[in-house]
Structures are given as C-alpha cells and as structure tokens.
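This note concerns the aromatic rings of the structure shown below and the contacts in which they take part. Please read the points alongside the coordinates.

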Amino acid sequence: MEKLFVGKVVTTHGIKGEIKILSDFQFKDKVFSVGNKLIIDNNEYEIKSYRVHKGFDMVTLDDYHDINEVLFLLKKEVYVDKDSLDFSDDEVLDEELMEFEVITTDGRHGRILEIFYASPTNKVMRIDIGYEYLVPFNSPFMKKLDKKEKTVLVEILEVK
C-alpha cells in the first residue's frame, strides 16, 4: 500500500468529535468523501461526515461523537491509500508529474523543474528545454499527457 500525504489534524471543532484538517492536497474531492478511509498513525478511520469551514476540511471519523474521543488525533499527519483513489487518464499528482519528460511539438526534449500555482486555479510548469519556459498546465499549450510513457507534449511559442 502506497500512502499519500493529505494534510495534518490541526485541532478539534465543537464538542461532537469533529476534527479540523489543514490540507492542500490537489484532489480533495477524491479523498474527503463519506465512506472513504483516512490513515492516521497507521490506523484506518472511515469518514462519517465532511464539510469545508473557513478553508479547513472538517471531518468526523468512525463512531467518535465526543471531543474527548478525538484528542489523541491532534497534530497527527493524515494519509490516504493511493489505490483507493480513482484517477482518470488525465489526472496526475504533481509529485509524479515532476518525473515526466517534456517533449515539444518541434521535437525538443526537456524536464519539468517546478510546478506551482500562479493563482488558486492556474497551475504552471517551469520547464527546461535548453531555455526555461513557463507553461500553463491547462491551456492550449498542453497538447498531451501520457501517464504510461511518462511524457508531456507541449507547444512553445517563440517570441522574436
């Protein structure tokens, strides 16, 4: 089982056993669903309820209904089993994408140096193909993502 880091339990919320998780995981919708399992200290816990509150992921787990029952989870790291996530063909974790080879439409080869968010919805790759370029991830410049071959086909426009 390959575990993926999802976030960290930062505190409790209310008195009914709800925990507050700080997470910037890119596929939260696949992780935080009722019935899914979270791994904390190598123990699996089933999500019984989920909501977002002030940017935090609020979760109740198993049959914990009291704040005192979940205090042992404070400051713990939260993981999920990678196999439990159902990724489509065009969904790749940023950590895995860093291992992909970049190929341009004119035949040059390179690598991804960095992936960052220019805004909350705009992912950008900094690539090196002899020169460094910034390529918006979801744009007409991204032509093809091949998970099997671990390649990304991009189009680079030369500025003269």
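This is a predicted model: local features need pLDDT of at least 70, side-chain atom pairs count only at pLDDT 80 or more; totals for chains, interfaces and linings use all residues.

1. Six aromatic pairs are counted in it.

2. One of these pairs joins F32 and Y50, whose rings are stacked. Their centres lie 5.2 Å apart, with 5° between the planes. F32 belongs to the loop between α1 (28-31) and β3 (37-40), whereas Y50 is in strand β4 (residues 43-53), so the contact ties together parts that are 18 residues apart in sequence.

3. Y50, with a relative accessible area of 28%, is partly exposed.

4. A further pair, Y64 with F72, is edge-to-face. Here the planes make an angle of 70° and the centres are 6.0 Å apart. Since an angle over 60 degrees counts as edge-to-face, the assignment follows from the value of 70°. Y64 is partly exposed at 22% relative accessibility, and F72 is likewise partly exposed, at 40%.

5. Y45, Y64 and F72 are linked into a cluster by ring pairs.

6. K3 has its charged end over the ring of Y79, 5.0 Å from the ring centre. K123 lies over the face of F137, and the distance to the ring centre is 4.4 Å.

Note on methods: Residues are numbered from 1 along each chain as its sequence is written. Side-chain values use heavy atoms; hydrogens and water are left out. Rings of Phe, Tyr and Trp (its six-membered ring) pair if their centres lie within 6.5 Å; planes under 30 degrees apart count as stacked, over 60 as edge-to-face and the rest as tilted. Helices (H or I, at least four residues) and strands (E, at least two) are DSSP runs, numbered from the N terminus. Buried means under 20% relative accessible area, exposed over 50%, partly exposed in between (1.4 Å probe, protein chains only). A charge sits over a ring if NZ of Lys or CZ of Arg is within 6 Å of the ring centre and within 35 degrees of the ring normal.
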